[in-house]
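Me: I have a structure open and want to go through its packing. Can we take it piece by piece?

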Amino acid sequence: MHPVIQILVPVLLVLGVSQARCDVYRWTDENGVRHFSNVSTPQGKKATQLPESVSSIPKKSDTSNFLVTKVFDGDTVQVQGQDLEFRIRMVAIDAPETGGSKNKGQPYSQEAKKVLRQLIQGKKVRLKQYGTGGYNRILAEIFSQGININLTMVRQGLAEVYRGRLPESLDPGPYKKAEAEARRRNAGMWSQGKAYKSPKTWRKENPR
């Protein structure tokens, strides 16, 4: 097997109406095929940070040409497009935590994951991005057939409005309104009443 060569490069990607800066891994596998990803590098391999022209990373103007390849939970997905693979943290929302391998997870966490998978798994979507967040994930609103999927998750009571700092260019009004309506209807996770615990609180009590 030939050694794997990979390069860690900073790159500007046009995912929507604005731009985000993120780290992109590039490597060539044993068959000579070049790969691009900002999600991970080949296991057990170290990245070397080298300068490279941004123009060498393929771009396309069609912002709808992103395929959702995996749904991790109710607010995090993976997409492929522009010869790249990205992990998207859905901006402005916070879904119940699935808990990972150590914890059971919150009530309605699996329901949120299931519904999001039904909405966009294997479908082409449009991304409106707002920079990058924790773990080098792109923050974005996801649109499928003109529908704001982030907002849909809040309306169905399967995510709350994110209780941290939101991007200045994002209007939180529709999200707050959708959450208030879901609360009134006791939709999804809001049916727990006083037993409800926000994902932010749950994360503090159950660190990974």
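This is a predicted model: local features need pLDDT of at least 70, side-chain atom pairs count only at pLDDT 80 or more; totals for chains, interfaces and linings use all residues.

Reply: Residues are numbered from 1 along each chain as its sequence is written, and side-chain values use heavy atoms, with hydrogens and water left out.

Me: Which residues touch the most other members of the largest nonpolar core?

Reply: V77, I88, I142 and M153, out of 34 residues. A nonpolar core is a set of buried Ala, Val, Leu, Ile, Met, Phe, Trp, Tyr and Cys residues joined through side-chain atoms within 4.5 Å. Buried means under 20% relative accessible area, exposed over 50%, partly exposed in between (1.4 Å probe, protein chains only).

Me: And apart from that one, what other core is there?

Reply: Another core has five residues, among them A182, A187, M189 and Y196.

Me: Rings next. How many aromatic pairs does a search of the whole structure find?

Reply: One. W190 and Y196 are tilted, 4.5 Å centre to centre with 45 degrees between the planes. Rings of Phe, Tyr and Trp (its six-membered ring) pair if their centres lie within 6.5 Å; planes under 30 degrees apart count as stacked, over 60 as edge-to-face and the rest as tilted.

Me: Are W190 and Y196 buried or exposed?

Reply: Both are buried.

Me: Now α3. Which of its residues are buried?

Reply: Y175, A178, E179 and A182. Helices (H or I, at least four residues) and strands (E, at least two) are DSSP runs, numbered from the N terminus.
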